[in-house]
Amino acid sequence: MRILLLVLAGSVVAWGQAGYVWEPANVASWANNGSATFSGATGGAAIWTPAVSGASPKAYEVQSVLNVKSAGGTYIHFIHADVGARPGQGNYLSVEYTLPTYWQPESAVALSVNQCINGTVTQLYSTWVRLRDGITIRSIASSSTLWVYAGGVPVVQIFIPYMTGQPGYGGYNVPSGSGFAGTKVGHFDVVQPDSVTRVATTLLPNSVSLKWPGVNDDPVGTGLYEYLVFRNGTYLGAIPYPGYEDPTAQPSTAYNYNLMAQDYHGTNSNPGTSFTVTTPTAGAVDARRVGVLSTGTYWGGGGEQLDMLSGNLNFTIPLVTGQGRNGIAAPASLNYNSQNWRQDNGVNW
């Protein structure tokens with residue numbers, strides 16, 4: 001694994017992330033424009049000057065750990081920037097986090113995506129995000145798309161104007177003692193994650209439930225982020241865990257599902273894993289029934305109820321009754337309810 005070394009306010013920071021390959025350590029490869037501590041009103045920037053390694057040198061990730069000790073200040077990731085760019089000067093795209101003067105850890109801050117052309121800044125997008133000291137922020141850019149994550153949580157995915165240039169970081173009005181604990185630059189991950197290998201299903205007339213073993217990204221990838229689910233070619237949604245329930249299914253209907261694993265850079269295991277299921281007829285019994293249901297057929301001569309379909313057992317045994325004045329009684333009983341669950345394709349539901 002290669003490690004990136006940065007000079008930040010006179011100190012050297014070395015850190016890395018297992019698996020993913022970052023640019024090699026080379027302090028001289030950063031162009032420092034303006035204030036190195038980003039404390040002034042005009043601020044400054046550190047722009048990576050060499051070409052980023054990987055399939056496309058104009059697509060990459062900028063990742064930083066924030067050192068936020070006080071309120072106020074604007075912390076910036078630069079995307080597609082001129083080597084001489086700084087806040088409000090030159091040409092660049094930027095992801096900017098502005099902390100209000102009343103900010104407290106975990107409170108919301110303004111996030112904006114901006115475009116600067118020859119010193120004229122235009123806001124492309126804005127939202128709010130929660131920040132804390134030590135949080136990791138990630139800005140991932142291709143030629144046309146920008147992904148932003150804060151603390152591993154997706155903040156925005158938007159289309160961006162096509163621009164060429166370099167990655168970087170910077171800011172302005174950053175309080176003394178605050179700044180970036182470390183920043184690194186890495187290639188854009190274009191290698192597909194592993195595919196889903198097998199899927200367990202449980203089928204009811206009006207729902208289809210899916211489970212599958214979690215998969216991995218490639219050995220030097222950015223990590224698996226989510227799974228994309230399609231039905232009959234229509235996108236149903238993205239989920240962060242290996243399981244999905246489709247509550248919109250109809251009885252006696254065949255459906256083709258497709259699952260794709262996707263990494264943090266939006267690269268997925270295309271064409272994915274496809275399979276076809278057919279839902280039961282309307283009124284079919286759910287063998288996963290739990291507890292006592294009005295539709296059940298029960299057996300028991302001593303107050304117990306044994307469901308003759310699922311095997312679920314429910315019974316109550318009176319233990320003691322506390323007797324108070326004025327005829328007040330407080331009975332206590334022992335209740336037992338077992339739940340037998342169906343197993344489909346080796347998976348418990």
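Visitor: How many bridges join β16 to strand β19?
Guide: Four bridges join them, and the two strands run antiparallel. This is a predicted model, where local features need pLDDT of at least 70, side-chain atom pairs count only at pLDDT 80 or more, and totals for chains, interfaces and linings use all residues. Residues are numbered from 1 along each chain as its sequence is written, and side-chain values use heavy atoms, with hydrogens and water left out.

Visitor: What counts as a strand, and as a pair?
Guide: Strands (E, at least two residues) are DSSP runs, numbered from the N terminus. Two of them pair if DSSP finds at least two bridges between them.

Visitor: Which residue is the bridge partner of Val208 in β19?
Guide: That's Asp246. β19 itself covers residues 243-246.

Visitor: What about β15 and β16, how many bridges there?
Guide: Five, in the antiparallel sense. A hairpin of two residues joins β15 to β16, and Leu204 stands opposite Ser207 in β16.

Visitor: Is β16 mostly covered or uncovered?
Guide: Mostly covered: four of its five residues, 207-211, are buried (under 20% relative accessible area, with a 1.4 Å probe and protein chains only).

Visitor: New topic: in what order do the seven strands of the open sheet come?
Guide: They go β3-β4-β13-β6-β7-β8-β9, with antiparallel pairing. The edge strands, β3 (30-34) and β9 (120-130), each pair on one side only.

Visitor: Which residue in β4 is the bridge partner of Asn33?
Guide: Ala45. Five bridges join β3 to β4, which is residues 44-48, and the two run antiparallel.

Definitions and conventions. Buried means under 20% relative accessible area, exposed over 50%, partly exposed in between (1.4 Å probe, protein chains only).
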